[in-house]
Amino acid sequence: RMGAPMDARAADAWNADLLSAVDARDADRFVAFLTDDGKFTYANAPAVVGRAAVRTAVDAFFALVRSLEHTPRHVWTVPGHVVVEGTVRYVRHDGREVTLPFVNVLALAGDRIADYRIYIDGAPLFVP
């Protein structure tokens, strides 16, 4: 995992590991990155708090899509935070692909994420 402070190469590798858990739709591996009482917010949805609740929420989201693949463009570190900007390509169950820009703001507590915020307009994903 990640020590403090992280250099750019370490941040890129850590973020790649985090996003690979998401892209694998592995909720257990994903929540292992969070603190026990970690907070997770997707777009304008209400925040979900705690590993068990986050696991349930992300499993429900994963069920809505056939697959997803993140392409980070930039990863920045500032004390106590990692910020990631990129695109995510979703494949819906009907086969349609939707690629959207995102920014993740990750507030850290030690080597875990205490507050995971995803800034994205997910509406195009759900257009019939």
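Mentor: Happy to! Let's begin at a turn: β4 and β5 form a hairpin with four residues between them, and glycine 95 in that turn has a positive phi of about 90 degrees. Before going further, a word on the source: this is a predicted model, where local features need pLDDT of at least 70 and side-chain atom pairs count only at pLDDT 80 or more, while totals for chains, interfaces and linings use all residues. Residues are numbered from 1 along each chain as its sequence is written, and side-chain values use heavy atoms, with hydrogens and water left out.

The helices (H or I, at least four residues) and strands (E, at least two) are DSSP runs, numbered from the N terminus. Two strands count as paired if DSSP finds at least two bridges between them.

Histidine 81 sits opposite alanine 107 in β5. On to the next hairpin, that of β5 and β6, which has two residues between the strands; here glycine 110 takes a positive phi near 65 degrees. Seven bridges join β5 to β6 (residues 112–119), again in the antiparallel sense, and valine 103 faces tyrosine 119 in β6 across this pairing.

Now the whole sheet. Six strands form an open sheet in the order β2-β1-β6-β5-β4-β3, with mixed pairing. At its edges are β2 (48–49) and β3 (65–78), each pairing on one side only. β2 pairs with β1 (residues 34–42) in the antiparallel sense over two bridges, and there lysine 39 stands opposite valine 49.

For directions, axes are lines fitted to C-alpha atoms, for helices over the stretch in contact, and angles run from 0 to 180 degrees between N-to-C directions. Helix α1 (residues 8–23) packs on the sheet and touches β3, β4, β5 and β6; its direction makes about 165 degrees with that of β3. α3 also packs on the sheet, touching β1, β2, β3, β4 and β6, and its direction makes about 40 degrees with that of β1.

Finally, look inside α3 (residues 51–63), where you will find phenylalanine 62. Phenylalanine 62 has a relative accessible area of 6%, so it counts as buried (under 20%, against over 50% for exposed and partly exposed in between, with a 1.4 Å probe and protein chains only). Leaving out residues up to four places away in sequence, phenylalanine 62 touches Val22, Arg25, Asp26, Ala27 and Leu68.

Definitions and conventions
Contact = heavy atoms within 4.5 Å.
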